[in-house]
Amino acid sequence: MTYCVGIKLNQGLVLLADTRTNAGVDNISRVKKLFTWQVPGERAISMMTAGNLAITQAVISEINERLDAPNPNEPTIFSAPSMFEVAQVVGDTMRKVQARYGPGLTARNVDSGASILVAGQRVGGVPRLFMVYAAGNFIEATEDSPFFQLGEHKYGKPILDRVINVDTDIQDGVICALLSMDSTLRSNLTVGMPLDLAVMRTNSLMFEQQRRIDADDPRFFAFSEAWSNALKNAFSQMRLMDV
């Protein structure tokens, strides 16, 4: 399974994904789900993928091949004049891949469902975050809904709902994304480490953080333990409440 979270704040974008994929309880592996592209000073783009792995890998490969051998008649994520049109490129690519493989998968009772979070900023624009569906259509994160989740979203959603709004400090956004992931890791074995994190500040047009957090990362372990202890302390304080 998968858990990915993308947060759009006034200060920038926070993106976090796990790497676990499985086809049954005895066939578990790690696959990268967070991808980034940058043109320094011009644009920075990231995508996170979930769903049928063959479909999402084909979409990412098509996008990269179009960058390597551009066709003047086909826009790329580097030539698209806005992040909205970048999302359109991804949606069109998704639709193309689904048309190629979807019928064959359906005939074999295999789900071809897939989704991709597209985030980034182009010079002259603002940071934007989109969710692209299997049909190629998409929606955009707004002030009222400044984050999207893919995959096993239910365990990590409460902390996002309580903390995140567009005015949240970007470092608090990173903390909240990591806590959201930590809750999911503890409650669902189909989501697993290592994790991939990417952070972009508004108008920087570059990712100031791109790092992998491994299972034996001492900082993440201490972070997780500190949150567990904080929750236990908060729970004990609830005894003082008149309920």
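Contact here means heavy atoms within 4.5 Å. Keep that cut-off in mind for the first stop. Note too that this is a predicted model.

**Stop 1: the helix pair**

Select residues 170–187, helix α4, and residues 218–237, helix α5. Their axes lie 11 Å apart, and the two helices pack at an angle of about 80 degrees. Angles of 65 to 115 degrees count as roughly perpendicular, so α4 is roughly perpendicular to α5.

Now show side chains. Which residues of α4 meet α5? On the α4 side, pick Ile175, Leu178, Leu179, Asp182, Ser183, Leu185 and Arg186. On the α5 side, pick Phe220, Phe223, Ser224, Glu225, Trp227 and Ser228. Colour this contact by residue class: 7 are nonpolar, 3 polar and 3 charged.

**Stop 2: strands β11 and β12**

Next, select Arg212 and Asp196. They form a salt bridge, with the closest N and O atoms 2.9 Å apart. The pair links distant parts of the chain, 16 residues apart. Arg212 sits in strand β12, residues 209–213, while Asp196 belongs to strand β11, residues 195–201.

Are the two partners buried or exposed? Asp196 has 5% relative accessibility, so the residue counts as buried. Arg212, at 38%, is partly exposed.

Lys32, Asp196 and Arg212 are linked in a network of salt bridges.

**Stop 3: Arg201 and Glu208**

Move to Arg201, then Glu208. Their side chains meet in a salt bridge, 2.9 Å from N to O. Arg201 has a relative accessible area of 35% and is partly exposed. Glu208 reaches 42% and also counts as partly exposed.

**Stop 4: Glu152 and Lys154**

Select Glu152 and Lys154. What joins Glu152 to Lys154? A salt bridge does, its closest N and O atoms being 2.8 Å apart.

Compare the partners on the surface. Buried means under 20% relative accessible area. Glu152 has 13%, so this residue counts as buried. Lys154, at 48%, counts as partly exposed.

**Last stop: the whole model**

How many does the structure hold? The count is 14. Among them are the pairs Glu152 with Lys154, Arg212 with Asp196 and Arg201 with Glu208.

Methods: Residues numbered from 1 in each chain as written. Predicted model: local features only at pLDDT ≥ 70, side-chain atom pairs only at ≥ 80, totals over all residues. Heavy atoms only, no water. Salt bridge = Lys/Arg side-chain N within 4 Å of Asp/Glu carboxyl O. Buried < 20%, exposed > 50% of the residue type's maximum accessible area, 1.4 Å probe, protein only. Helix = DSSP H or I, 4+ residues; strand = E, 2+ residues; numbered from the N terminus. Axes fitted to C-alpha atoms, helices over the stretch in contact; angles between N-to-C directions. Parallel < 35°, antiparallel > 145°, perpendicular 65-115°, else oblique. Nonpolar A, V, L, I, M, F, W, Y, C, P; charged D, E, K, R; others polar.
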